[in-house]
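Here is a short report for a reader who is new to this structure. Please look over the sequence and the model first.

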Amino acid sequence: MYICLEEYFFMDRVLTLCANLGSAFEDDGIESQWLEEFEKVVLKADPDVAAIHFQEIGGKEYKMCMPKVKKFVRKLRDLSCFSHFDRVRGFFDIDFDTEEEFTALGNIYLFHSRAEPVFLWDFETNTFRGVEGDYVFFEDLRLDKQHQKEKFPTEFYPDVTWSRKGLLHTKWKLFGSHIFNLVNIHLFHDDDNLTALESPSVYCAYRKKALECAIQSVNRTLTDLQEPVIFYGDFNFRLDFSAVMRHIVSSDHQAEFLRSPSGKLFDKIVYRPTTEDTAEPTVTVERRRFYVADATLFTLDYKELLQYNNELSSFEELLELPINFQPSYPFSEKLHEGTKYMDKRCPAWCDRIVMNNSALRIVKKSPGGCTYDMMAKEKCVGDHKPIYLIFTIESRKQGSGTHQQFVSYHWLLLGVVCAIILSGIAAKYL
């Protein structure tokens, strides 16, 4: 008996993650805890491909902390969970001396030895090139043509004179024929809580303009507009702040507007219940501070806030899996306060993974389902909690001669066993 299977199927696991790393470079304890929590995610996923996208590498004090980036990358590469990964490509923008180009973005891609040949797009020759060995670009990033980096113009964010916001795009052919455009992105933040109370927020408009620019930039490089595209990063998306305030502060509260010492501007709003003469504030909003007496709304009851999570709705072409985790920012940077938010900004889902319809179809077809979640829910890993996506791709492949023989032998063996069992049954009853 000889049975030859011309085709067979593989299940290829993909782990993708985005993380604003700013805090990790300023505190060795946070860095160590970050790597520990990250390794747990890798072990859980058991991926064939790990695609990691970082923002704010080097941290806020990047000129002083940038030398730590190479050490961090080596520590990540040396994690035991990656011991069987034999191909690596990394792209880290650490050259802060070129201010007009510096984005502080970093991408690293790791491939398991069991993974099929991997190909990376060359944006200069418009061809895929095979990936072998272990190489990470740092100072020589501008010499490489297998990535596309872009910094957003300063006029997109007129409130500041300089920023590191931009994108870093790579394009891959994986698992035989699956093409993925993976884009690391960092958009503009809310600089002033009082300004953010305006609806719509001016900061929302800044982010919208930058994301439109990013989509156009990526689309220009596509050979087919139906190619899957996934954006990872710190989008800095915020909740509709004025709507959140109406949600928190009921009609029995009174707002007190406090002026700055100059008396020209309001710089604090305090909300107190009118039912008690000496009541403590329920909410306090300052330009750089947001205090809420009861944070349960942002932790246990966070799903009530999803109705105010509207910034992505401006982009019909960008889709996202359901959010089943609390806001990813701004968590405490104290090691013993892994679940506490800082009194800095209104918590929001800043860190996201969004994609076009072609990519979403692939992710949703994942055999056994997919996972979209937040890393280190109980541990401090900085002010941003990383967000990850795990999915599986079912690939149909042509059988090799060796594989055909392997399958044929086992079918033959199974046939012999079945024949022996049936002959025993026949001898007993006939």
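This is a predicted model: local features need pLDDT of at least 70, side-chain atom pairs count only at pLDDT 80 or more; totals for chains, interfaces and linings use all residues.

Residues are numbered from 1 along each chain as its sequence is written, and side-chain values use heavy atoms, with hydrogens and water left out.

**Aromatic pairs**

A search of the whole structure finds 30 aromatic pairs. Rings of Phe, Tyr and Trp (its six-membered ring) pair if their centres lie within 6.5 Å; planes under 30 degrees apart count as stacked, over 60 as edge-to-face and the rest as tilted. Two of the pairs are set out here.

| Pair | Centre to centre | Angle between planes | Type |
|---|---|---|---|
| Phe38 and Phe82 | 6.1 Å | 45 degrees | tilted |
| Phe325 and Tyr372 | 5.4 Å | 80 degrees | edge-to-face |

The Phe38 and Phe82 pair links distant parts of the chain, 44 residues apart. Phe38 is in helix α1 (residues 28-45), and Phe82 is in the loop between α3 (67-77) and β3 (85-92). Helices (H or I, at least four residues) and strands (E, at least two) are DSSP runs, numbered from the N terminus. Phe38 and Phe82 are both buried. Buried means under 20% relative accessible area, exposed over 50%, and partly exposed in between (1.4 Å probe, protein chains only).

Phe325 and Tyr372 also link distant parts of the chain, 47 residues apart. Phe325 is in the loop between β15 (289-292) and β16 (351-355), while Tyr372 is in strand β17 (residues 371-374). Phe325 is buried, because its relative accessibility is 1%. Tyr372 has 9% relative accessibility, so it counts as buried.

Phe38 and Phe82 also belong to one aromatic cluster, which includes Phe25, Trp34 and Phe138.

**Charges over rings**

A charge sits over a ring if NZ of Lys or CZ of Arg is within 6 Å of the ring centre and within 35 degrees of the ring normal. Arg259 lies over the face of Phe266, at 4.4 Å from the ring centre. Lys385 lies over the face of Phe331, at 4.6 Å from the ring centre.

**Nonpolar cores**

A nonpolar core is a set of buried Ala, Val, Leu, Ile, Met, Phe, Trp, Tyr and Cys residues joined through side-chain atoms within 4.5 Å. The largest has 89 residues. Phe152, Leu211, Phe231, Phe290 and Phe298 have the most contacts inside it. Helix α5 (residues 202-221) gives the largest share of this core, eight residues. Another core, of 44 residues, lies apart from it and includes Phe38, Phe54, Phe85 and Phe92.

In soluble globular proteins, nonpolar side chains tend to be buried together.

**Backbone geometry**

Most residues other than glycine have a negative phi, and most peptide bonds are trans.

The peptide bond from Ser199 to Pro200 is cis, with omega near 0 degrees. Pro200 lies in the loop between α4 (193-196) and α5. Tyr329 and Pro330 are also joined by a cis peptide bond, with omega about 5 degrees. Pro330 lies in the loop between β15 and β16.

Phe175 is not a glycine, yet has a positive phi of about 55 degrees. Phe175 is in the loop between β9 (166-174) and β10 (178-186). At 5% relative accessibility, Phe175 counts as buried.
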